[in-house]
Structure formats: C-alpha cells, structure tokens
Amino acid sequence: MQTNELNVVHNADQKRFEVHLDSRTAELNYRLSGNTIIFTHTGVPSALEGRGIGSLLVKTGLEYAKKNNLKVQTLCWFVDGYLQRHTEYQNLVK
C-alpha cells in the first residue's frame with residue numbers, strides 16, 4: 001500500500017495523529033502550549049516500518065501546524081530529521 005492511500009486520523013482527544021494499518025497503529029504524539037505544538041514522539045510498529053508512514057505522520061502534523069498558525073517545537077529525533085530534509089517547514093520552527 002502506498003502512503004498516498006493511507007488515511008491519517010487526527011485524534012485530538014489523545015493529542016496524536018494516527019495511521020491504522022494491519023491491526024496496528026502508528027502515531028505522532030504532541031502537546032500544545034499556547035500557540036506552539038510540541039511533537040514529543042513518533043512511533044511506528046516494526047511491522048509497518050520502511051513504508052514512509054512516519055514521514056506521512058510528520059508531514060500531516062506540520063501541515064496541521066501551518067494551517068492553524070502554530071509554531072513547532074520538537075522533542076523527537078524523527079521529526080528533527082524530517083525538518084532537516086524538508087526545509088519548507090523551517091519557518092514554523094520556534
């Protein structure tokens with residue numbers, strides 16, 4: 001399955017973005033502080049790794065921040081790496 005066929009769900013109650021696939025859940029967790037979204041953890045089950053799901057989650061989270069005029073702070077190495085490779089989001093970083 002291609003990542004463009006996957007549906008990312010924003011689970012606002014749990015403060016995370018999720019992809020459900022093969023009875024497993026990949027997630028990008030965050031917390032809000034004023035006008036800043038702080039990405040705390042990206043988790044992709046090992047059975048789902050290597051499919052671009054983590055990157056899809058991060059892109060969705062960053063697009064959410066952009067659309068909602070939120071600054072981005074990250075405590076997650078995976079989000080850090082994504083931001084280094086996708087400089088179009090650098091203006092969001094606090």
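Me: How many residues does helix H1 have, and what makes its length close to the expected one?

Reply: In this predicted model, helix H1 has 15 residues and reaches 21 Å from its first C-alpha to its last, which is close to the 21 Å expected at 1.5 Å a residue. Just after H1, Asn-69 takes a positive phi of about 55°.

Me: Which residues of H1 are buried, and what covers them?

Reply: The buried residues of H1 are Ile-53, Gly-54, Leu-56, Leu-57, Val-58, Gly-61, Leu-62 and Ala-65. What covers these buried residues includes strands E1, E2, E3, E4 and E5, together with helix H2.

Me: Why is the pair of Phe-17 and Tyr-64 called edge-to-face?

Reply: Two rings count as a pair if their centres lie within 6.5 Å, and as edge-to-face if their planes are over 60 degrees apart. The model has four aromatic pairs by this rule. In one of them, Phe-17 and Tyr-64 stand 5.5 Å apart, centre to centre, with 65° between the planes, and therefore this pair is edge-to-face. The pair links distant parts of the chain, since Phe-17 belongs to strand E2 and Tyr-64 to helix H1, 47 residues apart.

Me: Why is Phe-17 called buried, and why does Tyr-64 count as partly exposed?

Reply: A residue is buried under 20% relative accessible area and exposed over 50%, with partly exposed in between. Phe-17 has a relative accessibility of 2% and therefore counts as buried, whereas Tyr-64 has 22% and therefore counts as partly exposed.

Me: What makes the pair of Tyr-82 and Tyr-89 tilted?

Reply: The centres of Tyr-82 and Tyr-89 are 6.4 Å apart, with 40° between the planes. Planes under 30 degrees apart would count as stacked and planes over 60 as edge-to-face, so the pair at 40° is tilted. Tyr-82 has 4% relative accessibility and so counts as buried, and Tyr-89, at 4%, counts as buried as well.

Me: Which residues form one aromatic cluster with Phe-17?

Reply: Phe-17, Tyr-30 and Tyr-64 form one aromatic cluster.

Me: How do you know that strands E2 and E3 pair?

Reply: Two strands pair if at least two bridges are found between them. E2 and E3 have six bridges and therefore pair, in the antiparallel sense. One of the bridge partners is Glu-27 in E3, which faces Glu-18 in this pairing as its partner. The two strands form a hairpin with two residues between them, and Asp-22 in the turn has a positive phi of about 50°.

Me: In what sense do E3 and E4 pair, and over how many bridges?

Reply: E3 and E4 pair in the antiparallel sense over seven bridges, and the bridge partner of Arg-31 is Ile-38 in E4. These strands also form a hairpin with two residues between them, where Gly-34 in the turn has a positive phi of about 65°.

Me: Why is Gly-43 called buried, and which residues does Gly-43 touch?

Reply: Gly-43 lies in strand E4, and at 16% relative accessibility Gly-43 is under the 20% limit and so counts as buried. Not counting residues up to four places away in sequence, Gly-43 touches Thr-25, Ala-26 and Glu-27. Gly-43 and Gly-54 are 11 residues apart in sequence and 7.4 Å apart in space, C-alpha to C-alpha.

Me: What makes the link between Arg-16 and Glu-18 a polar contact?

Reply: The limit for a polar contact between N or O atoms is 3.5 Å. The side chains of Arg-16 and Glu-18 are joined by a polar contact of 2.5 Å, which is therefore within that limit. Arg-16 has its place in strand E2.

Notes: Residues numbered from 1 in each chain as written. Predicted model: local features only at pLDDT ≥ 70, side-chain atom pairs only at ≥ 80, totals over all residues. Heavy atoms only, no water. Phe/Tyr/Trp six-rings, centres within 6.5 Å; stacked < 30°, edge-to-face > 60°. Helix = DSSP H or I, 4+ residues; strand = E, 2+ residues; numbered from the N terminus. Buried < 20%, exposed > 50% of the residue type's maximum accessible area, 1.4 Å probe, protein only. Expected span 1.5 Å × (residues − 1). Contact = heavy atoms within 4.5 Å. Polar contact = N/O pair within 3.5 Å; in protein donor to acceptor, adjacent residues only side chain to side chain.
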